[in-house]
Amino acid sequence: MNHVNHNQPNLRALPAYSVAEVAHYLNLPKSTVRYWAMGRDSYPPLIEAAVLNPVALSFLNLVELHLLAAIRREHTVPMHKVRRAIDYLQENTRNQSDKLHPLLSEQLQTDGLDLFVEQYGRLVNISMEGQLAIREVVQAALRRIKRDTSGLPVKLYPFTRSRIVNAPEMVVIDPALSAGRPVIAGTGLATEIIAERCKAGETVAELARDYGRQKTEIEEAIRYELRAAA
């Protein structure tokens, strides 16, 4: 089943992250995360946050915002136009269970993506080349979402670099690991702890030896946390 069973709360749907944490993990301004999750003035939010007042976001919300952040990299457009494109996707989704989180629909990886990009492009008057650029960046973001057999996201490999196409997948966010904090893929090693040790003066070589990991993994964890130029 694709929907969340409220009698047995799904770890992925529970409130787990603050606005500040999501902003850090996705390299977004906190004001943007708050705007997308809560709305502003007469504009409704782009996602349905797990909890409001104060805002607490779920892993599913984190994945939704990951996709929206990818779009934002290409075009900064008025929020209400993005909302209309999401509404259009929601109205045209084939599965009733996708209505709550239309951006998480598996359909988005196939014909749904064309539908969304076409509508998005029409609303913001983007050229065909611009639409192709958005399609490429959303596809790159979708590839970093791993799903279970029911189609729901279970892991997110957040972008660690400014260049997103073919960026390595060495950092993962899994709600079942390390309380849902970013870790080096295949381990429970929190990237935050690695970065803190680096800031305290330990070298990449020392950390790699201490944790029994490759230097490239340690470097990527540090890059992710400190957002070093890549």
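N53 is exposed, with a relative accessible area of 67% (exposed means over 50% relative accessible area, buried under 20%, and partly exposed in between, with a 1.4 Å probe and protein chains only). This is a predicted model, in which local features need pLDDT of at least 70 and side-chain atom pairs count only at pLDDT 80 or more, while totals for chains, interfaces and linings use all residues. Residues are numbered from 1 along each chain as its sequence is written, and side-chain values use heavy atoms, with hydrogens and water left out.

**Overall architecture**

- The protein contains 9 helices and 4 strands; helices (H or I, at least four residues) and strands (E, at least two) are DSSP runs, numbered from the N terminus.
- Read from the N terminus, the order of elements is α-α-α-α-α-α-β-β-β-β-α-α-α.
- The protein has 230 residues, of which 48% count as buried.
- Among the contacts in the protein with a separation of 6 or more, 56% are made by residues 24 or more positions apart; a contact means heavy atoms within 4.5 Å.

**The loop between α2 and α3**

- N53 lies in the loop between α2 and α3, and has a positive phi of about 55° although it is not a glycine.
- A cis peptide bond, with omega about -5°, joins N53 to P54.
- P54 is also placed in this loop, which runs between α2 (30-38) and α3 (59-74).
- D41 is another residue of the loop between α2 and α3; its phi is positive, at about 55°, although D41 is not a glycine.
- D41 is exposed, with a relative accessible area of 78%.

- N61 belongs to helix α3 and counts as buried, at 0% relative accessibility.
- When neighbours within four places in sequence are left aside, N61 is in contact with I47, E48, A49, A50, A56 and H101.

**Packing of α7 against α8**

- Two packed helices are described by the angle between their axes and the distance between the axes.
- Helix α7 (residues 191-199) packs against helix α8 (residues 204-211) at an angle of about 135°, and the axes are 10 Å apart; axes are lines fitted to C-alpha atoms, for helices over the stretch in contact, and angles run from 0 to 180 degrees between N-to-C directions.
- That angle makes α7 oblique to α8, given that angles under 35 degrees count as roughly parallel, over 145 as roughly antiparallel, 65 to 115 as roughly perpendicular and the rest as oblique.
- On the α7 side, I193, I194, R197 and C198 meet L207, D210 and Y211 of α8.
- The residues of this contact divide into 5 nonpolar, no polar and 2 charged; Ala, Val, Leu, Ile, Met, Phe, Trp, Tyr, Cys and Pro count as nonpolar, Asp, Glu, Lys and Arg as charged, and the others, Gly among them, as polar.

**E219 in α9**

- E219 lies in helix α9 (residues 215-226) and is partly exposed, with a relative accessible area of 38%.
- E219 and I194 are 25 residues apart along the chain, and their C-alpha atoms are separated by 9.4 Å.
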